[in-house]
Structure formats: C-alpha cells, structure tokens
Amino acid sequence: MIGVSTRIPVKKCWVKHDSYGLGMVLGSMEGVDGISLKVKWNDREVTDNIVALSAVTSGFKVGMEVKHTPISATETSLGEGVILKTRTVAGFAQVLVDFNSRAISRWLPYETLSWIKGVKHRFITGDRGKQGAEEKFRLKILAHALEIWNENTGALSRMDIDPLPHQIHLVHHILASGHLNWLIADDVGLGKTIETGMLLKALEQRGQAKRVLLITPAGLTNQWKEELHHKFALSEFRVYGENFFIDEDREWKMYDHVIGSIDKLKDEGHLEKLLRADTWDLVIFDEAHRLSRRQYGMRFDSSQRFDLANRLRQRTKAMVLLSATPHQGKQDKFQSLLMLLNPDRSSDIETIGLNPEVLSEMMIRNNKSDVTDAEGNFIFKGKTSTALTVESNDQMRVFDESLQAYLRQGYSAAESLGQTGNAIGFVMTVYRKLAASSAKAIHTALHRRKQRLIDEFNEENNNPLLEVTDERYWGEFEERLESSNREFFDGEMDLLDELIQESESVLGNDLKIKKFNEVVIPKILGSNPKEKVLIFTEYRSTQEYLKQALEEKYGDDCTGLINGSMRHQDRKTAIQHFEEGGQFLISTEAGGEGINLQRKCHIMVNYDLPWNPMRLVQRIGRLYRYGQQKRVVVFNLHSPDSADEQIMELMYERIGQVVEDLAQVSGEYNERLGEDILGEIADLADIESILQQATTEGIKRTTERIEEALNKAKGAASKQRELFEYAAAFDPNEQKKELNITSDHAMSFVEGMFELFGVEIIEKTHKDQVWHIRLPENIKLDLGVGKTRFEVTFDRFISINRENTEMMDLDNFIFKYLLFKAKDFDFDGLTAVIKSDQFTGDAIICSYLQWQNELGIRQRQELYAWQSGGEDEVIECFNELDEWLKEKAVPGSVDIVRDQNKIAYESVENVANKQLSLKSNKWLFPEGVHPVSAAWVDK
C-alpha cells in the first residue's frame, strides 16, 4: 500500500498512513532517515506528528476540492479542481482532477495537490471570509461576469465601436445554440463585419477558432484583413496569393488564419492546394449568395463557387455564411445554401415550405426597421431621395433619335446572325447604358468604335467580359470592350460619323453636367460649404469627366476617386483623403460594396442610375448604415426625354410604389420598414434583362414586362418575408436571464481592483474618461513593463484618437492581469456578508451552468445568480445583481445558521440543475453546475 514516491507533498496535501489513518501535511524537513513530514492527523489520539515520507501515500477522496501546485516553478498551475477518481500506477498514487475553469481533467501525482475549502463548504459552514471579503466577493463576480460575457458575445473585445444590442444578441444566440453552422442574413448596413469579428473574438477566447478560413469577393480580401486587425486585434490573418503562397503542402502549417478570394480559390490549381491544408475549425463565406446552385428537375447545376464551398464543407467543423440577400426569389438556390450549412438535414430543408420553423436553427436575420441602440432608440435616422430632372435641348433630342436608330440596326443585325450575333447585341446594350451615364461616356465609346473600324486588325479579340468574375467591375469592363473590327451592319461607319458629330454638340452644351456642377452641388454646399459628397457613376469615363468639372470649380485637391483599377492601398488612401481633407469622392460600382463612409458623409449624388436596382441599394448602403448620425440625403439625376431614361424613370417610380404598398402598416407608410422592403424588391426583381430588350420591344411592351416583373417580385417578397419570419432575430427577452455586462461594470471593476492593489489614479481628465495611473513596483514587475505611468480609458473613440492611451478592454494586458488576480483562489471573496436593500433574499449564490457537445468538449457556459429567501424559495436575481455590481460593496452583519445554509444551498442546486436540463438540446449536453461565490445579505 505504501507508495515509492520521493516527491515532497505540498502543504495541506492529504496523506494516508497504515497505522495513523488520514492526515493533512503541514510541512516537511530533513530527517535522519531522509525526508520527514509534519502531519496533522484526523485521529486526535495520534501524537506522532512526524513521519517518514516513504510511510505515507495519497489520502485524497473523491469529491475533495484541491489546488494544483506544480513541482517546477517554471510550470503554470492548473488552478482549482475536484477529485473524480484515485489510482496507483507502478506504486505511484495518482488522482484524477476536474479543473473546471480549464474544462480539462488530468491524472496528477497526489503530492502536487493541496486541499482547499470551496464555495459550498464555506457557505454551509458559515465562513464569512476575512475583512474586506464583501468587496472581493463583488470583484470576483465581476471578473467572472466580464470574462463570460465576452466569451459569449465578444462585446468587450478590442474594437473601435461599441456594439449594438442586435449584434451582441446575434453572437450570443449563435454561441448559445451549441453549433456554428449559421446563415447570418442581416440587412445591408447592419454590420456583418462587426458581427463576424465579435464572433471570432468570442471563439478565440473559448479556444474554438484555432484555424479559420474567410472567403470573400476578390476586391474585399485586404479590407477584411485590415478591419479584423484594426477593429478586433485579429492580426494573424493573411491573404492567400498576396501575403503568402503555398508551394508545398507542409507550408499550410504556418497559416492558421487565412483570407482568400472566392474567384481565386475556385480555380482548380488553387483549390487543389487548398484542399491539402489541415481541417479548419471554421470556414466563413462573405456575400454567400454568390454560391449559386440551381435545380433543373432532379438535376443540380452548380457553379465553381458552389463547388468550392461544397468541397470545403467536408474539410471544416463548421461553416458560417454571410449574405443580406440569401434568397433572391430562388428557393432552390436558398435551400442549397442551407444544405451547405446542414448537409445532414437535407430532408428538413427540402420541405422547408412545410416546416419553416427549422429555419430558426439555421438562419439569423435582423432588419434596419427593428434595430435600436442600447437605450432603445432606432439607430437609422431615415433617408430622403430626390429625383432631379435634367431638361433636354435640341442637340440632346437629335442625338438620342440618331442613337436609337443606330441601336435598332445593331440589334437587328445581331438577331439575323443568331448566336454569333450576341456580341453585337451586347455592344448595343453597353452603348445605351453609356449614353444614360454621360455625354462624355458615349462620345468616348463612339470614338473608340470608329477607331476600331479604321485600324487594321488581323484577328478579333474575344469578349473580355467572359473573364470578369466580380460583378462590381462589369461596368468598367463594358466601356473598355474591344469589339469587332468589321462593321456590324452596312453603313455603320457613316452613322458613327453622324453620331460623333452630334455627341460633340451635346458635349458643347451638356445640360446634365451643368445641372450637376451649377445647381446640385451648390445647393448641397449652400448650408455647409465644407459638406462632403459621395458621387456614384457606373463608368470610368464619366468619373474622369466629373472630376475635371469639380476641380475646375473647387480646386485641384478637392476630389478623390474609387474604381476597379486601383490597388487596395490606393483605395484606402483615397477614402482617408476624403474623410480628412477632401470634399468629393467619385466612385464606380467598385465602391458599391466594401467602402463605408457613414461617419463623415451623409449626402450622395447618383450621376447615373444602374439598370440593376440592387446596385442602387448597395450604393446607398455605403452611407445608410450603422454609425450614420444624420439623415441620408440622395440625389438622383436623370434625363427623362431620352428613350432609355424614360423607362428607367418608370422602373424606379414603380419600384417605389410597390415598396410603399408593402410597407403600409395600419394605413400608414412605415419608412424604416420601407427601406427593408426596397432591398428585397430590388434583389428579387430581374429588371436588367427586360431593359436589354427595351429598344426592340418598345416602351409599351417594356412597361408591361416591368409591371409583370415587379408583381412577381412583390409576391416573392411577401412569401420571403413570411419564410424569414421563422429565422432567428433580435429578442430582447433572450438575455434577461443572464447578467448583462456593460462598460460601467468594466470601469467599476478596474477602479475597485486599483484601490485594492494600490494602483494610484493620479487624475481623471476628458470628463473622467481618461485616467492617468501609476502602477506600484510589484505590479510593474509582475507585468514585465519598464514604466509605471499609463493613460487608460474605457471609451473606444478616445482610445482611437489618443495614440498613447490604452483601451481598457479584455485584450488589454493590465485588464487581463486584474481578471487573473480577481479570479484566483487566493484572492478570497468566495463567501462574504454584504449589506444591501436591493435583494429580497437572505443569500446570493452565483454559479456557472455548463454544457458540452457530444465529444465531451465544453461548448457553452453561463453565469447564473440566485437568491434564496428561505426553505425551497429560490429566485433569479440578474437585474438586482447587475446594478449592485457597479458600486463598491458595503459589509453587513447577519446571524448565520448552518442548517439553514445547507437547505438554501441545496435548494439553489436543485433549481440550477433544472435550468441546466431546460437549456440542453441535441447539440448541448449538461456538464454540470460550478459555484463561483456566495454571500449572505444584510437587508
């Protein structure tokens, strides 16, 4: 029975002797026959307190609470735990310890463990704690509450904004569900990047996101990298094909956080390399509606993008899809996205129309009409759109008539050639769009067409648009299209000469640019000469035209550009110049996604209107998004006297009428709801293909087809909204049964810990938001820093704008140190007596409820608080504790009765286990209840 160990047990280690029974080690010493132990025996009749080390073995019993002390000073303690089992291996006594805070169980030498009195033992025996225990009780709970709130929401992580309730809820809901396979379908402008960053920070704290692959549209890879770095301190991400390359499979081991372009990774050469990487913990697809798969009868037609996602699904534990427009009126495509997330639930997804409630387990969606700030105020200030008509003159009318004649002949030639004439028809469509954009754009295109016919080419170039995979750049590619060097129809050259001459006349007296530069812009600047204006156009030639006009009037350095030819850094520089010193930013569709300018700008001018109405919604989304503090004002220029623009005006007018009709609530138009519906109608209405046929079909037939398309979209939107009602969404009641932690709690915790640990707050400036502190020497040494003076703040905006001011969040090294100290067993505060009139019960007990997945890995934990008011009377006290935690604790005095303590504790345990069972599901299995601290209340 006697062990062979020569290790010296730590103090308070329980040992067993063949003759003396059980005892607790008080210390050790060198004896005549080697190491001797001084032991306090349970049997008080034993007087021999000194025994040889070789005469004892483990005396620990199952259920005892212990603290681990490693043999080597360079090792880190595993903390406190509970003994689950005991065993002897090759003569060495070992115990299996469950270390709850680390969610691990380990077999350890018994000599490294000391017995401790945990919360339950102390509460039942009436241990009131040492002097000051009431404040340590408060700070200990705060430390756990701050950490668990961040683990469940990511809301206290390093970021440059305060997250909104719907964003906090979204992350909390996903993590509380027990799985990560979700479609995040928040409306445009609600912060899917922020939600993703918060989710990754929460998973990082949980240790569940060690390998992450984020796949985005080509133009957004670097932007994602920058935002994750600057907003969330997620700085490990590298862009595949830009920041690193893979030559051999083993090189993947160096890259655990990867961002990749969807169109690069879908190519077979890159995909083959990607599939040789180790399995991912999480794969995220941004703009997931681009993963198209359509069903034709019993057959599926998949795009390369979908195939990429489908193959990666087999190489990842979980997948998250991001898309504001996941349905797009195509039920089969929507179901395919859901099957990517949940391949094992195909039967439920195929019949989603019959059981739409399953959507609540796969998709979460928030609308602009619903989201509020922390005070319950709607965060979107509304939007005003104004259509500005450009009058026509004789030159414009003559040119439009000639252009229409040219287009009709071109379309006729295309039709006569069958499939080989598609390229001609495409060129005609591009010219129509260029003409609607600006006189300069169509004039330039006609000149290029004429030069193409004059120059001698030995071979015809293929349509370069076939190589364009990012839809945002189509317009810019369209205007640079290299068409055939042969006439589309007999007499084309003569018609081109006539058109070019007429377009020069239009340019000489361009009423649209005059209205823009002499009426619209001066009107905008009338009330504020420094007002910033975002201007959109589809084409680069129009962009340059506007830039020249603005700079001639307002100065050389007033205007910046965003277009598809620019590198990420150049785009970033242009945005920075606009926000800091510039006044105008002109963007092509390349800026319709990805650039966010809501903080410095609220006015937009659309110099041309896109044929695809969803593009207009995306443009407006650059300003009409979270963080916009003003009402967004949009000016749309158009010339209704031209044939195409008459149809465009009709289209947008009808879309507006449909939106207003659908957004009627109790007989009144709901503006916020209208914005949601506008995005849905624009997404569902396939107008662009109708407009392509407008020249050959005539205005009447085009009007009928637009009406048909909008009626179809209206019906689809209604059905879609009915379906999406079953998606999970912001529910303010979901987190009521939980401590809701804010920056006020963080500030109170830090201030309390500073006072306790002797950190001096020298002064508070900037309305008490910036603290100038001095660390004592012992903390300076613990932290390993070379200075003692720091500036800290709890305000994210201040930390961004003051270079040397530390943000006190859960990524801050001082904050982490304080959390570690407060949670440590030796900090005390496990039990206390507090004085407060906020609680109705006689005692408060705080515990973790914990769940694990089917592999036995902890998946979820929540911090619960109950108050006990007597026999079997237990109620939750989240709201009361929320408020009490913000102020310094006051000591109390009560009479403590052991039997009552036992009854109260067991009653709380019963309630806790019921709650643990209630929140268990097919992904979450109950792990247990772990007490944090308890206190008696002096009311």
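Which residues does Val-658 touch, not counting residues up to four places away in sequence? The answer is Ile-681, Leu-710 and Lys-714. Keep in mind that this is a predicted model.

**Val-658 and its helix pair**

- Val-658 sits in helix 20, and its relative accessibility of 3% is under the 20% cut-off, so it counts as buried.
- For a sense of scale, take Val-95: 563 residues separate it from Val-658 in sequence, and the two C-alpha atoms are 71 Å apart in space.
- Helix 20 (residues 643–662) packs on helix 21 (residues 671–684) at about 130 degrees, and their axes are 9 Å apart.
- At that angle the two helices are oblique to each other, and their crossing is right-handed.
- On the helix 20 side the contact uses Ile-655, Val-658, Val-659 and Leu-662, while helix 21 brings Gly-674, Ile-677, Leu-678 and Ile-681.
- By residue class, that contact has seven nonpolar residues, one polar and no charged.
- A bit of helix geometry goes with this: an α-helix has 3.6 residues a turn, so residues three or four places apart point the same way.

**Helix 19, a covered helix**

- Helix 19 (residues 613–620) is mostly covered, with eight of its eight residues buried.
- At the start of helix 19, Asn-612 has a side-chain oxygen that comes to within 2.9 Å of the backbone nitrogen of Met-614.

**Helix 2 against helix 24**

- Helix 2 (residues 133–153) and helix 24 (residues 743–757) have axes that come within 10 Å and cross at roughly 135 degrees.
- That angle makes helix 2 oblique to helix 24, and the crossing is left-handed.
- Helix 2 makes the contact through Glu-135, Lys-136, Arg-138, Leu-139, Leu-142, Ala-143 and Leu-146.
- Helix 24 meets them with His-745, Ala-746, Ser-748, Phe-749, Gly-752, Met-753 and Leu-756.
- Sorted by class, the residues of this contact come out as eight nonpolar, three polar and three charged.

- Phe-399 belongs to helix 11 (residues 394–416) and is buried, with a relative accessible area of 8%.
- Leaving out residues up to four places away in sequence, Phe-399 touches Ile-442, Leu-446, Leu-499, Glu-502, Ser-503 and Val-506.
- Phe-399 and Ile-500 are 101 residues apart along the chain, yet their C-alpha atoms are separated by 9.1 Å.
- Gln-915 is part of helix 29 (residues 898–918) and counts as buried at 11% relative accessibility.
- What does the side chain of Gln-915 make a polar contact with? Its partner is the side chain of Tyr-864, at 3.1 Å.
- Tyr-864 also turns up among the residues that Gln-915 touches, together with Leu-849, Trp-851 and Glu-876, again not counting residues up to four places away in sequence.

Methods. Residues numbered from 1 in each chain as written. Predicted model: local features only at pLDDT ≥ 70, side-chain atom pairs only at ≥ 80, totals over all residues. Heavy atoms only, no water. Axes fitted to C-alpha atoms, helices over the stretch in contact; angles between N-to-C directions. Helix = DSSP H or I, 4+ residues; strand = E, 2+ residues; numbered from the N terminus. Parallel < 35°, antiparallel > 145°, perpendicular 65-115°, else oblique. Left-handed = near helix turned anticlockwise from the far one by under 90°. Contact = heavy atoms within 4.5 Å. Nonpolar A, V, L, I, M, F, W, Y, C, P; charged D, E, K, R; others polar. Buried < 20%, exposed > 50% of the residue type's maximum accessible area, 1.4 Å probe, protein only. Polar contact = N/O pair within 3.5 Å; in protein donor to acceptor, adjacent residues only side chain to side chain.
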